Structure formats: structure tokens, C-alpha cells
Amino acid sequence: MSRVERWLFAPGDPRRLAAVRIGLCSVLALRLLRDVYVELAGQDPALFRPVSFMRLLPGMPPRGLVMALQVAGVAAAVLAAVGLRSRLTLPLAWGCGALLLGMASSLGKVAHNDVIVLACLIPLLAAPVGEAWSVDAALARRARNPSLHTPARHGWPVRTAMVVVAGAYFFTGLAKLVLSGPAWVLTDNMRFILYADSDARAVPNEVALFIADRPWLAHAVAAATLLLEVTFPLVLWRPRAAWLYVPGAILLHAGIFLAMRLDYWAWVATLLVVFVDWPAVADRLGSRAGRPAPLTIPASPP
Amino acid sequence: MRAFLVAFVVAGLFNLDLWPLTGWRLFSGLRHAETMAVEATAVDAAGHGSRVRFGRISSAYRGLELVARSFGSLSGPERDAACRAWLQGARTAQPGVVALRIDEVRIRLLPRRGDRPAQPPQRTVVTTCTDSGALPPGALPP
């Protein structure tokens with residue numbers, strides 16, 4: 001087994017996997033609650049620009065079906081988040097999400113904010129996500145029937161999600177280098193991005209104009225953005241680097257929101273869900289409160 | 001799961017859009033001092049025009065710029081259908097609309113005058129949409 005595979009398939013904490021389940025399913029539920037899908041439903045087929053499997057459809061799904069998918073998707077995502085029948089509810093939530101979020105990407109442009117949530121959920125679809133911090137685990141303990149699990153099954157889904165997030169930043173930066181080269185930083189490219197976005201709005205964006213009016217600042221922002229993106233995978237080899245890259249990425253998304261009103265909150269939430277060691281946070285909070293460390297399902301049957 | 005990671009990496013390396021896998025192209029193209037936008041102007045019976053911001057009407061119309069940029073490659077019936085759809089959308093916000101003009105707008109981002117470009121934008125009519133469909137550029141609505 002190669003070094004990469006040894007890292008990927010190393011044992012993991014079932015609580016860490018559960019935290020990723022809870023976090024990503026919660027983000028998915030919130031994304032599916034939006035009224036944009038009903039607005040898109042019944043769109044005139046003349047304006048339909050499908051992506052991927054959406055090309056199998058003649059147009060946006062009808063309103064009734066969309067509402068049913070939303071109800072089913074949100075319910076399944078909430079149930080998966082709390083860990084009830086997650087082997088069924090998580091794939092159901094993902095399926096509903098894939099179709100609904102696919103609608104939002106079928107206007108001619110991919111909605112990347114949603115893609116990262118769906119992509120990070122894929123490794124969880126076949127994983128034992130409900131063996132800790134879940135209703136299923138609580139019911140199993142009550143029945144004195146702890147599920148037989150091995151730590152090796154809980155590591156790879158979380159690490160695969162980490163690879164997806166790190167890869168998303170890396171490929172975003174790589175695309176800039178491949179398509180534009182160093183000119184993405186060295187020319188007035190960033191100034192033009194910000195000016196064009198501000199000029200397209202009824203009210204000029206003062207943050208965008210503040211940066212764009214100062215060439216040195218625009219070049220610095222462009223350089224920092226590209227550097228963060230292409231080097232983000234360092235966190236996979238040096239976990240401590242996450243203390244730099246996670247806040248840096250949050251700062252990047254906050255800046256994008258302030259300067260361009262582009263809302264990437266789902267991407268930020270996914271980043272935090274996947275890269276923060278939530279069991280360690282819970283243990284620390286628990287020890288401060290004077291509580292004993294939370295029970296975990298034993299690695300082998302008693 | 002190996003297959004998923006391989007597919008994810010391949011899509012990222014070769015810029016493939018296989019939703020939900022994607023090439024992650026976000027602001028990757030180089031921008032220049034001249035930019036192009038698409039604007040829709042609703043015209044009433046008196047000939048008065050007012051800009052239509054479709055994104056505020058409904059998410060279903062957010063792809064205006066992307067569809068309009070490929071207008072020339074659409075067939076006649078496809079153009080007529082797109083036009084009628086946009087006209088219908090504009091009428092939900094402004095019931096008295098008799099025609100909808102779709103303009104390609106070229107903007108010189110520099111130099112600036114305050115918060116806006118110093119030079120006025122240059123407009124080229126892509127099409128005018130009426131109840132009968134898409135009129136060619138330069139044709140006046142009946």
C-alpha cells in the first residue's frame with residue numbers, strides 16, 4: 001500500500017466521522033430550504049441550460065415535484081444529521097440535493113458553493129457514519145447491542161473529504177495558472193474583476209473600489225489568493241498548517257463577500273466541518289465543564 | 001472510493017464539468033480593461049425604456065447574459081422562444097411592456113470618474129423581443 005493510501009485508510013475516530021456527518025447534513029438541509037428551487041421550477045424550457053445528468057430532462061422539474069423533493073431532502077438531511085437510519089437517510093438527502101442543486105447549476109453556470117457540499121458527502125454515502133453521536137448509536141447502546149466496528153472504517157471518509165476540500169482550492173488556483181498564467185497576478189486583472197463587478201451593480205461596491213483604486217493592493221490580494229489556493233494541500237501533509245490555511249480561507253471568502261457580494265457560506269461551513277477536530281473540541285469543553293470524557297462505542301465487543 | 005478520488009482529480013486537472021464534479025473554474029480567465037455585459041431594457045407603448053434586472057424578478061431568469069451571448073448560435077425558433085420567455089418575465093415586473101431590447105454593452109473600465117467609468121458604455125442591440133418573437137438587430141417593433 002502506498003504512503004498516500006496508508007494515510008488515507010489509517011484508523012479514525014468515529015466521533016470525527018459523526019461530526020462531519022452532522023455538519024455536512026446540516027449545511028445540506030439549510031441549502032435545500034431556500035425558495036430558489038420553487039422559483040426555478042417551471043422555468044421556460046427556452047432558458048434551460050442543463051449540466052450533466054440534468055440534460056436527460058426536457059426542462060426544470062415541475063413545481064409539485066420540486067416541493068416534494070425539498071420536503072423529502074430536508075427531512076432526510078435532518079434525520080441523517082441526528083443519525084437516525086443514516087444508511088438510508090443520508091443517500092436519500094444526497095439524491096434530493098443532487099437534483100435540486102443541479103437545478104441551480106442549470107442556468108448556464110456551475111454553482112460551486114453547492115458542489116463542494118455534495119462532493120464531500122460522497123465518501124460518507126458508504127461509510128459507517130452513525131456509530132457515534134447519533135440516535136442509532138444511542139438506541140444500540142440502550143439495546144445493549146453496540147455495533148461491531150473497527151477504527152479503520154472511520155478514517156478514510158473524513159480524509160477523503162479533506163482531499164476534496166483541499167483539492168477544490170488547489171484546482172481553483174491551478175485553473176487560474178493554466179488559463180491565465182502569472183498575468184492573473186501581474187496584470188491589472190484583479191482591478192478589472194472588481195471594477196466590472198461594482199459597475200454591474202446599481203450601487204457601487206465601496207470595498208471593491210477601495211481595492212481596485214490601489215493597484216499595489218489589488219496585486220497583493222491577487223497574489224495572496226493564488227498562493228493560498230495552490231498551496232492549500234499542504235494541510236494534508238502538515239495538519240498544523242490548518243491553523244494558517246483555514247482562517248486564511250475564511251478571510252478569502254469574507255473578502256469575496258464584502259467586495260463582490262458572492263455568498264460562499266456553504267463552502268466556509270464545509271471547510272470548518274471537515275478540518276476542525278470537533279471531538280477534540282467537545283472533549284476540551286467537556287473537561288472544562290468538569291464532565292468526564294464522552295462515552296464512545298468500544299472498538300471491540302465486551 | 002478510489003474511483004471517486006480519481007474522477008475528482010481528473011475533473012480538476014482537465015477542467016471537466018461533470019456535475020457534481022467540476023473543473024473548479026472560478027474567475028480563472030484573464031480580465032481586460034474592456035468588458036462586456038448584457039442588459040435588458042423594457043419598452044412601453046409610449047417608447048419609454050427602463051432597465052430590467054432579471055435577477056430581482058426570479059432566479060429562473062438569472063442566465064440572461066449566458067443565453068444572450070450564445071444568441072447567434074441559436075436557431076430561429078429557439079431565439080423566438082427565449083425572447084418570449086424574457087418578455088414574459090419582464091411583464092411580471094412591468095405589466096405595460098410591449099418590447100424588450102437586449103443589448104450587448106461594452107464598457108471601458110479605465111479611466112474612472114468617481115465610482116464609475118469615465119467613458120459611457122457602447123451599446124449594440126442583440127435583439128428586440130416582441131410577442132411575435134426575436135426581431136433582428138435594427139428592426140423596429142410593430
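What share of the 302 residues in chain A is buried? Buried residues make up 52% of them. Keep in mind as you click around that this is a predicted model.

**Stop 1: chain A as a whole**

Select chain A and switch to a cartoon view. You'll find 16 helices and 0 strands. Its C-alpha atoms fill a box of roughly 65 × 50 × 40 Å along the principal axes. The radius of gyration is 22 Å, which agrees with the value near 19 Å that a compact globule of 302 residues would have. Now try a surface view: chain A exposes about 13,800 Å², and carbon and sulfur atoms supply 68% of that. As for how the chain touches itself, take the contacts with a separation of 6 or more: 78% of them are between residues 24 or more positions apart.

**Stop 2: two salt bridges in chain A**

Next, show side chains for A:Arg31 and A:Asp114. They meet in a salt bridge, 2.7 Å from N to O. This pair ties together distant parts of the chain, with A:Arg31 in helix α2 (residues 14–32) and A:Asp114 in helix α6 (residues 112–121), 83 residues apart. Both A:Arg31 and A:Asp114 are buried.

Then select A:Arg15 and A:Asp13. Here the closest N and O atoms of the salt bridge are 3.3 Å apart. A:Arg15 counts as buried because its relative accessibility is 7%, under the 20% cut-off. A:Asp13, with a relative accessible area of 28%, is partly exposed.

**Stop 3: a network in chain B**

Hop over to chain B and pick B:Glu39 and B:Arg123. Their side chains form a salt bridge of 2.8 Å, N to O. B:Glu39 sits in strand β1 (residues 34–44) and B:Arg123 in strand β6 (residues 122–130), so the pair links distant parts of the chain, 84 residues apart. Buried or exposed, which is B:Glu39? It's buried, at 12% relative accessibility, while B:Arg123 is partly exposed at 44%.

Over all chains, the structure has 18 salt bridges.

**Stop 4: a nonpolar patch**

Finally, select B:Val6, B:Val9, B:Val10, B:Leu13, B:Phe14, B:Leu16 and B:Leu18. Together they form a nonpolar patch on the surface with about 600 Å² of accessible area. Zoom in on B:Val6, which is found in helix α1 (residues 2–13) of chain B. B:Val6 counts as exposed, at 51% relative accessibility.

Note on methods. Residues numbered from 1 in each chain as written. Chains lettered and ligands numbered in written order. Predicted model: local features only at pLDDT ≥ 70, side-chain atom pairs only at ≥ 80, totals over all residues. Heavy atoms only, no water. Salt bridge = Lys/Arg side-chain N within 4 Å of Asp/Glu carboxyl O. Buried < 20%, exposed > 50% of the residue type's maximum accessible area, 1.4 Å probe, protein only. Helix = DSSP H or I, 4+ residues; strand = E, 2+ residues; numbered from the N terminus. Patch = residues over 30% accessible without salt bridge, like charges linked within 9 Å, V, L, I, M, F, W, Y side chains within 5 Å. Areas by Shrake-Rupley, 256 points an atom, 1.4 Å probe, with all protein chains shown as cover. Rg over C-alpha atoms; globule rule 2.2 N^0.38 Å. Contact = heavy atoms within 4.5 Å.
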